[in-house]
Amino acid sequence: MNGVYITQVKAITALGPDLDALYEGLLKNRTGIREVTRFDTKNYISPYAALIGELDPKNSSSLIFELSDRLMDQLTGIDSDCFLITASTKAAIDLIERNNTGTQIGSEVLPSSLPGYIANQLGLKDQGINISAACASSTIALAKAASLITQGHAEAVLVCCMDIISEFVFAGFSALQAMSPFPATPFDKKRQGLTLGEGAAALVLMSEQKINSMSIRPLARICGWGIANDATHITAPARDGRGLKLAINHACKQAAIAPEEICAISAHGTGTVYNDLMEIQAINSIFSENPVIVNSIKGAIGHTLGAAGGIEAALCVKILENKMMPGTVGFNEPEEGAENLIASEPKRVQGDYILTTNSGFGGINAAIIIK
């Protein structure tokens with residue numbers, strides 16, 4: 001099996017225009033969550049979201065394409081033979097809202113338009129594919145990319161993930177009663193739900209042969225991945241975390257490591273009551289003998305939906321590089337079982353393996369191990 005190496009990591013979030021801004025902001029316990037001014041929130045549970053500054057809602061195109069342009073501007077040296085996988089839950093959903101005003105829309109509203117747009121902008125030979133698997137979309141995209149490389153079907157894969165916040169998405173989460181009336185507080189006993197955010201990330205994955213032929217020094221390696229569905233409910237996770245545990249165990253098996261070799265976990269940590277409880281149970285079940293440190297970044301940049309896993313994987317590379325894991329913004333009073341897992345302040349990372357996990361509607365769970 002071919003090794004899978006990460007050679008570029010990029011990110012854009014409400015904390016800043018690049019990955020460094022995100023990492024430094026998290027270390028300083030900053031938040032990008034603000035009151036929404038893009039649309040009127042008076043009829044919704046919460047007025048808060050983590051939006052990216054200067055995305056222009058008056059532009060005739062979708063904000064997703066403007067965000068894509070900003071992300072692509074950060075990439076360098078992308079070969080035309082590179083295979084493309086995008087990840088987005090809703091893509092250009094904001095165009096449907098504008099249709100209510102009589103504006104004509106076409107195929108660009110479909111999620112499948114996103115890889116085509118990026119491929120054309122970068123001059124890629126293949127139009128690529130989009131993965132839309134709820135909030136685990138980009139984690140699954142990374143797993144798919146890694147699988148293509150290990151099996152020899154691709155030498156290089158570009159994974160681009162992104163989602164924007166439109167009023168349609170905001171209204172949907174409000175109707176589900178999933179949003180917190182105040183900025184999200186992951187794993188905190190007083191949490192009341194999630195805060196939405198928007199963001200984007202790009203990761204370039206290459207085989208060992210490819211990095212050797214190009215004399216590239218990789219940033220990290222993807223060692224294992226797992227995907228599982230708990231088949232319990234259309235929106236709620238299995239209370240015992242069985243799907244997440246299955247995904248983590250599969251990732252460990254593929255990486256040929258024991259759970260105790262994992263030094264840190266970038267958790268999904270949405271701030272909803274049941275998701276956080278499920279994660280706490282799953283993590284304690286697998287890592288009960290391992291003093292692992294865990295965080296969530298959604299108290300700072302919100303839940304970025306299909307982009308969440310990609311942003312968190314990119315951040316994991318920075319964490320391993322700097323041996324320091326940011327704390328969980330908004331975390332004050334630990335939920336039962338989280339006392340020895342979560343902290344509000346940064347923690348020193350001691351080890352080589354970090355786990356990042358995501359869970360989504362429909363019972364989907366995904367896990368990636370990065371070295």
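Q: What is the handedness of the crossing of H8 and H9?
A: This is a predicted model, in which local features need pLDDT of at least 70 and side-chain atom pairs count only at pLDDT 80 or more, while totals for chains, interfaces and linings use all residues. Residues are numbered from 1 along each chain as its sequence is written, and side-chain values use heavy atoms, with hydrogens and water left out. Helices (H or I, at least four residues) and strands (E, at least two) are DSSP runs numbered from the N terminus, and a crossing is left-handed if the near helix is turned anticlockwise from the far one by less than a right angle, and right-handed if clockwise. For H8 and H9 the crossing is right-handed.

Q: Which residues of H8 and H9 make the contact?
A: Contact means heavy atoms within 4.5 Å. On the H9 side the contact is made by Met278, Glu279, Ala282, Ser285 and Ile286. On the H8 side it is made by Leu244, Lys245, Ile248 and Asn249.

Q: Why do H8 and H9 count as oblique to each other?
A: Axes are lines fitted to C-alpha atoms, for helices over the stretch in contact, and angles run from 0 to 180 degrees between N-to-C directions. Angles under 35 degrees count as roughly parallel, over 145 as roughly antiparallel, 65 to 115 as roughly perpendicular and the rest as oblique. The axes of H8 and H9 are 9 Å apart. H8 and H9 are therefore oblique, the angle being about 40°.

Q: How far apart are the end C-alpha atoms of helix H8?
A: The expected span of a helix is 1.5 Å times one less than its number of residues. H8 covers residues 242-255, so its 14 residues should span 20 Å. The model agrees with that, the end C-alpha atoms being apart by 20 Å.

Q: What covers the buried residues of H8?
A: Buried means under 20% relative accessible area, exposed over 50%, and partly exposed in between (1.4 Å probe, protein chains only). In H8 the buried residues are Gly243, Leu244, Ala247, Ile248, Ala251, Cys252 and Ala255. Their cover includes helix H9 (273-286) and the strands E8 (220-229), E9 (262-266), E13 (353-360) and E14 (364-370).

Q: Which residue just after H8 takes a positive phi?
A: Most residues other than glycine have a negative phi. Just after H8, a positive phi of about 60° is taken by Ala256.

Q: Is Ser215 buried or exposed?
A: Ser215 lies in the loop between helix H7 (208-213) and E8. Its phi is positive, near 55°, in a residue other than glycine. With a relative accessibility of 69%, Ser215 counts as exposed.

Q: What is the relative accessibility of Ala134?
A: Ala134 sits in the loop between strand E5 (129-131) and helix H5 (137-150). Although not a glycine, Ala134 has a positive phi of about 55°. Ala134 counts as partly exposed because its relative accessibility is 21%.

Q: Which residues of H2 make the contact with H4?
A: H2 and helix H4 (residues 113-122) pack at an angle of about 40°, with axes 11 Å apart. That makes H2 oblique to H4, and their crossing is right-handed. H4 contributes Ser113, Leu114, Tyr117, Ile118, Gln121 and Leu122 to the contact, and H2 contributes Ile64, Phe65, Ser68, Asp69 and Met72.

Q: Which backbone oxygen does the side chain of Gln74 reach?
A: Gln74 is in the loop between helix H2 (63-72) and strand E4 (83-87), and counts as buried at 19% relative accessibility. Leaving aside neighbours within four places in sequence, its contacts include Gln8, Lys10, Ala11 and Ile12. At 2.7 Å, the side chain of Gln74 reaches the backbone oxygen of Pro17.

Q: How far apart in space are Leu320 and Ala264, C-alpha to C-alpha?
A: Leu320 belongs to helix H11 (residues 308-322) and is buried, with a relative accessible area of 12%. Not counting residues up to four places away in sequence, Leu320 touches Gly351, Asp352, Ile354, Ile370 and Lys371. Leu320 and Ala264 are 56 residues apart in sequence, and their C-alpha separation is 9.4 Å.

Key:
Polar contact = N/O pair within 3.5 Å; in protein donor to acceptor, adjacent residues only side chain to side chain.
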